[in-house]
Amino acid sequence: MNTSQLLIVRRRHTGNFTQIPNALIRNDELSSKSLGVIVHLLSLPPGFRISIEFLCKARNEGETAMRTAIQQLERLNYMRIVRERAASGRFIHSKWIVSDEPIVDWAPHLENPRVEEPVLDQPVQGDQGTTNTGFKETLDSSKTTTTGPEGTPPDTDESPALIMDEADEECWLWLCRKLSLEPQKTRDQCTGLSTSVALDVLAEVLECKRQNSIRKTVPQFLASLLRRAREGKFSLSAGSELRRDLRQIIRRQRSVEAAAEPTQAIVTDRPVVDRAQARERLQQMRDELAKKSHTSVMPRGTA
């Protein structure tokens, strides 16, 4: 077996870096994908507003692959996702607790995770810092810590709303219209989920409705699927084809509707003329002229 000599160029960093233990990097139970995800998470500052959608864009991965990586990290005790609910059972927000070494007993961290700010399930726009070196990390008190910037506004505990681009918004409105759902109310019900998952759920509900396989009302069925999605147990099945072709279906339907619209008549100032009435009126005028010419001719010799 041929081997090569490894040469490493190291630089001393005074900022903008993340410390990663070799035990994590060399853990042969971790896939390369999962390792990339955990390293990326550890490079973020506590309080960063995170979501699967954000990680997919940051790591250039699909949602299914990202969920698989996160599930492996949870199975190997490198992270936990805690979903908190109000007394009414309504989803409030989620917290991602990440560690650079496996944690056997998560109970103390789940009850009161010692991080400076709750990690909510939503990315925010703008630069939040690229590393964790400028922030205080208190999940494990035995590790060396650094102080964070003062005056940083805390994240709120509001439920993260769906973030949609124009194409997603169009799909959302189309699905809600087909299901006779109020778009904003339904959007509020989907807080805490990624836009992709929320659209998956609506597509599943619509296709099941078309197949008459819903034993409940549409709102009840939707609520049950949303609950499964938050528990990580939802998978797209009946609505997979609809979801895949949704944008194409909407474009095709829009084209058909546009073609079916009647062309607008050209508006002019000239009155509309009924030819039959015009001919009848012309004949009346001829008859009247004939009568006048007949009565105006008087016989000679009469006085």
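These legends accompany an overview and several close-up views of one predicted model.

**Figure 1. Overview of the predicted protein model.**
The protein has 303 residues, and 34% of them are buried. Its secondary structure comes to 11 helices and 2 strands. Read from the N terminus, the order of elements is α-α-α-α-β-β-α-α-α-α-α-α-α. Take the contacts between residues at least 6 apart in sequence: 66% of these join residues at least 24 apart. The accessible surface is about 21,000 Å². Carbon and sulfur atoms account for 49% of that surface.

**Figure 2. Helix α6 and its buried residues.**
Helix α6 covers residues 166-178, 13 residues in total. From first C-alpha to last, α6 reaches 19 Å. That is close to the 18 Å expected at 1.5 Å a residue. The buried residues of α6 are Asp168, Cys171, Trp172, Trp174, Leu175 and Cys176. They pack against three helices: α7 (183-189), α8 (195-210) and α10 (240-260). Serine 180 follows α6. The phi of serine 180 is positive, near 55 degrees.

**Figure 3. The salt bridge between glutamate 170 and arginine 254.**
The closest N and O atoms of glutamate 170 and arginine 254 are 2.2 Å apart. This pair links distant parts of the chain. Glutamate 170 belongs to helix α6 and arginine 254 to helix α10, 84 residues apart. The buried residues of α6 also pack against α10. Glutamate 170 itself is not among the buried set, because its relative accessibility of 34% makes it partly exposed. Arginine 254 counts as partly exposed too, because its relative accessibility is 41%.

**Figure 4. The salt bridge between glutamate 63 and arginine 67 in helix α4.**
In this pair, the closest N and O atoms are 3.3 Å apart. Both residues lie in helix α4, which spans residues 63-75. Glutamate 63 and arginine 67 are 4 residues apart, so about one helical turn separates them. An α-helix has 3.6 residues a turn, so residues three or four places apart point the same way. Side chains of opposite charge can pair when their charged atoms come close. Glutamate 63 has 22% relative accessibility, so it counts as partly exposed. Arginine 67 is partly exposed as well, with a relative accessible area of 27%.

**Figure 5. The salt bridge between arginine 244 and aspartate 245.**
Here the closest N and O atoms are 3.0 Å apart. Arginine 244 counts as exposed because its relative accessibility is 60%, and the cut-off for exposed is over 50%. Aspartate 245 is partly exposed, with a relative accessible area of 25%. The structure holds 9 salt bridges, including this one.

**Figure 6. Glutamate 101 in its loop.**
Glutamate 101 sits in the loop between strand β2 (91-98) and helix α5 (107-111). The relative accessibility of glutamate 101 is 41%, so this residue counts as partly exposed. Isoleucine 20 is 81 residues away from glutamate 101 in sequence. In space, the two are 9.5 Å apart, C-alpha to C-alpha.

Technical notes. Residues numbered from 1 in each chain as written. Predicted model: local features only at pLDDT ≥ 70, side-chain atom pairs only at ≥ 80, totals over all residues. Heavy atoms only, no water. Buried < 20%, exposed > 50% of the residue type's maximum accessible area, 1.4 Å probe, protein only. Expected span 1.5 Å × (residues − 1). Contact = heavy atoms within 4.5 Å. Salt bridge = Lys/Arg side-chain N within 4 Å of Asp/Glu carboxyl O. Areas by Shrake-Rupley, 256 points an atom, 1.4 Å probe, with all protein chains shown as cover.
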